[in-house]
Amino acid sequence: MRSQTFSALLILWLITGLQALSANPVQDIEGASAHWVSESIIVWDAGEDAVAFEIRYSNAADITVNDGSVKGGVSIPLEPTETLPALFENRFRHLAELPAFTHSSTRDELAKAVQGQLIAIAYDAHGSVTAAARVQFPGLLDDLFFYSGSLGPLYHDEGIQLKVWAPTARELTLRLFDQDKNLLDTIGPDSGMSEKGVWTFSGPPEWDRLFYRFDVTVYHPLTNRTEQYEVTDPYSVSLSTDSEFSQFADLAGDPDLKPEGWDSMQKVQKHPVDITIYEAHVRDFSMFDDSVPAEHRGKYLAFTYNGKDGRSLSNGMNHLQKLSDAGLTHLHLLPVNDIASVIEDKNRRVDITDPCSRIFDVVGHDSLEGVCDDQGDRIILDLFEELAKEDPVTQAIQFPYSEPGRMEGMARFDGFNWGYDPFHFNAPEGSYATEPDGTARIMELRKMVQALYQSGLYTVIDVVYNHTFASGTSSFSVLDRLVPGYYHRYNADTGVIETSTCCDNTAAEHKMMEKLLIDSVLLWAQQYKIDSFRFDLMGHHPRYVMENLLDSLAKLTPEEHGVDGANLYIYGEGWNFGEVADNRIFEQATQFNMGGTGIGNFNDRIRDAIKGGFYSWSGRHQGFTTGQYLFPNEDFTGRDEENLADLLAQADRIRVGMAGNLSTYPYINRFGETVTGANEYIGYTVDPRETINYIDKHDNETLWDNNQVKIPMEMDLDSRVRIHLLANAFLNYGQGIPFYQMGSDFLRSKSLDRNSFDSGDWFNRVDFTMETHNWATGLPPAWDNRDRWDEMEMFMTLPGIKPGREEMEWASEVFREQLQVRYSSPLFRLRSADEIRNRVRFLNTGPDQVPGLIVMTISDGQCAGESLDPSYEGIMVLFNADRDEQSFHHGLDGLSLHPILQSGRDESLRSLRVGNGTVTLPAHSAVVLVREEGSGAEVAFPCNL
């Protein structure tokens with residue numbers, strides 16, 4: 001029923017022409033500050049002068065505002081109302097204080113309204129328009145059209161069904177294509193759009209392996225007109241080259257898409273605290289591995305050379321096997337879903353293994369002259385190696401990546417990218433397959449997962465649901481071309497898409513985006529047997545979405561689905577920033593909000609305390625291992641009180657991190673106070689499984705690179721390597737889940753590149769033969785590094801600090817010994833907060849502690865309760881960050897060096913002096929002492945406070 005008040009006012013305005021009395025008539029539609037948050041509620045601050053309100057909709061997109069008057073559209077009158085607080089509890093919190101309105105329109109009219117231009121109009125008492133804004137309506141679509149059923153291609157005994165959610169589309173048809181992408185047919189939906197906004201198409205089994213796209217007619221607010229275009233399926237499971245077409249494929253039922261033994265492969269999942277993670281990139285892993293056939297380098301199939309079932313053993317898989325044998329459990333892969341930032345068509349791409357002439361053929365920029373000029377068919381890699389050998393700080397190598405502009409030079413046209421540019425969430429990336437056109441990507445990714453499990457490794461995939469590569473009408477846009485204005489998050493006032501993540505932010509607080517996220521993870525878990533998921537920028541998602549995901553995974557059972565979904569591990573980046581920061585829109589999935597969920601969060605506190613902040617952020621400011629106070633670098637002076645205070649604060653952060661980063665862990669801090677981990681906002685977990693303890697990952701400088709700029713320039717290479725291993729030891733010997741970047745175990749460098757996401761194969765190079773090292777192999781690309789080039793030149797030209805094979809192999813072996821020690825006793829992997837609070841204790845604390853020395857004990861004695869380790873009554877771990885040896889009197893008897901370290905590669909530990917309750921530690925060392933069960937020691941092994 002229309003509002004009588006509104007009608008009376010409208011008649012009055014038409015008769016008297018009182019618009020002219022308005023002092024500031026609106027000239028145009030501005031922003032998108034009106035929000036349809038539920039079926040019945042609109043919120044909008046239209047200003048103090050507004051006394052009457054309406055929403056106008058137009059499928060012809062002909063609504064205009066000029067000089068205080070409005071033309072076009074159909075009116076939905078609005079009446080002021082009160083909102084229910086519950087409406088804003090879990091989402092739209094930032095809109096809770098806005099004036100609220102309701103209406104009396106029917107559902108059918110609303111369904112029609114969302115198919116076109118939608119404008120909120122406010123009038124003053126004289127009938128003149130005082131405000132006009134576009135309406136954001138995801139909340140309305142959620143109420144009207146949320147669909148809980150299956151979407152995408154669905155296979156049945158009688159044929160194939162395809163379902164797509166597009167409630168704002170006016171027309172939608174299915175176009176079928178053969179293998180050569182010739183149009184075969186255009187199919188209409190079974191019976192138009194359903195009440196829930198779903199379009200359904202049914203066909204025969206012969207649709208299998210055909211390619212398809214949707215032909216959509218839909219209004220798009222970005223262009224303010226009705227658009228018609230073809231778009232791929234957001235629920236695509238297979239794709240053509242460069243993702244131009246979706247493809248029908250039966251993931252569950254087609255034996256041709258499964259390696260032998262796939263269906264019978266059921267994994268017994270690890271307890272989360274038994275996990276150690278090694279982060280890799282599919283292309284990095286094998287691009288320079290000559291033991292892998294050339295056609296499989298940089299591909300999924302490179303991981304299948306595991307020495308099993310008659311297959312050869314590659315250098316890379318041999319390295320992973322050694323780590324697995326030492327205790328490593330999980331291989332984390334940067335995104336393997338379809339991405340938009342790598343060209344899959346090799347005819348349109350130029351790679352480092354191509355001849356120089358191809359740069360000009362493909363890229364075609366004169367600005368590349370001087371790098372490959374007059375080099376003809378010389379291989380680009382050979383040229384780069386010569387340039388780096390002649391000048392370790394040459395700018396020439398980075399030149400083709402950055403000088404023409406990142407999106408115009410070689411970075412745009414080569415085959416490398418980290419992959420944080422999602423295009424289709426449910427299909428594997430085609431550039432990692434031997435044939436990007438069609439289903440090879442499915443079979444080959446499954447072979448990779450299977451081969452890793454045969455080698456004792458579980459598979460983690462990096463998932464990026466917080467943004468898409470594009471939106472609007474871009475050819476790289478899928479979600480926003482299908483349901484414009486719904487899947488993304490827009491500024492509450494301007495309607496401009498939020499990009500705090502880097503790109504076009506999605507909005508998982510919108511129900512169908514949440515559904516897409518959960519459906520996608522379930523597909524990867526069930527159809528690809530993925531064991532763990534790392535969420536990129538998880539803090540941009542609501543906590544409740546992550547909890548709903550856990551509940552959905554728990555429904556996957558080994559008996560019915562072949563997957564133990566309840567025990568798959570979820571972790572992510574719980575950073576707090578952007579338009580969602582401080583729980584502005586919803587309770588975020590951030591570090592301090594996720595305690596008790598069992599979901600892991602990256603621990604930046606222990607990271608920065610150990611090594612100092614990233615060079616690109618904090619310059620030469622040192623960390624606990626890199627010399628803070630103990631051996632200051634050239635940019636810091638003396639052993640003053642400020643530097644000492646910083647060192648002791650770092651030690652406290654490390655102690656809490658090694659205690660599972662528990663918010664409830666009691667310890668004595670540097671001031672002599674008994675506090676808990678939550679003191680000074682350090683600890684945020686409720687359970688040790690909730691902390692990912694790490695020092696480096698793909699982002700920012702590698703651990704080796706970061707250390708080199710922190711350490712004093714005069715320090716020798718041996719000390720630098722020991723500092724690197726000491727940093728790793730804090731993770732390997734601590735409670736929680738250790739996480740490493742691939743190659744960190746053998747001193748990986750990216751030539752000081754702080755952001756190698758698009759820096760090509762050269763700067764991301766990994767050599768498992770350890771014949772080469774990437775330190776000082778040219779200045780890194782200018783786009784994120786140029787401002788520090790002068791300093792980088794200084795560091796990279798220091799003599800005698802580039803590791804060789806001897807140092808890399810030694811570091812790798814010592815790292816594996818640390819892993820072996822970790823997995824030699826369950827005391828390093830306590831499963832509950834109670835166990836850690838009771839058993840883990842730190843000595844050398846308080847204001848009088850020996851600087852640079854951390855001493856941790858883990859008890860399995862009588863005070864600890866039930867014995868967990870039949871071999872040891874207790875363990876003591878000591879870390880000496882000083883460049884000089886240090887002695888520490890701990891007062892315990894019966895201690896000896898851990899058996900693995902007694903026969904280990906580090907000779908300085910083999911000659912360790914232990915006795916009379918005192919131990920003398922070598923410089924830059926981590927020492928593990930054990931008291932064997934039944935040792936007859938007189939002093940009881942201590943428990944915590």
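**Confidence.** I am working from a predicted model, and I noted that the protein chain averages a pLDDT of 94, with 96% of the residues scoring at least 70. The lowest confidence falls in helix α1 (residues 4-16), at a mean of 41, while strand β18 (residues 246-247) has the highest, at 99. Over residues 1-21 the pLDDT stays under 50, and where pLDDT is low, the predicted coordinates should not be read in detail.

C356 sits in the loop between β21 and α6, and C372 in the loop between α6 and α7, 16 residues apart. Both C356 and C372 are buried.

I then turned to C502 and C503, joined with an S to S distance of 2.4 Å, and this disulfide is left-handed because its torsion is about -95 degrees.

The pair C863 and C943 has an S to S distance of 1.9 Å, and with a torsion of about 90 degrees it is right-handed. C863 is partly exposed at 41% relative accessible area, whereas C943 is buried at 10%.

**Helix α10.** I recorded that α10 (residues 440-454) reaches 21 Å from its first C-alpha to its last, and that 12 of its 15 residues are buried, among them I442, L445 and M448. G456 follows α10 with a positive phi, near 85 degrees.

Notes:
Residues numbered from 1 in each chain as written. Predicted model: local features only at pLDDT ≥ 70, side-chain atom pairs only at ≥ 80, totals over all residues. Heavy atoms only, no water. pLDDT = per-residue confidence, 0-100. Helix = DSSP H or I, 4+ residues; strand = E, 2+ residues; numbered from the N terminus. Contact = heavy atoms within 4.5 Å. Expected span 1.5 Å × (residues − 1). Buried < 20%, exposed > 50% of the residue type's maximum accessible area, 1.4 Å probe, protein only. Disulfide = S-S within 2.5 Å.
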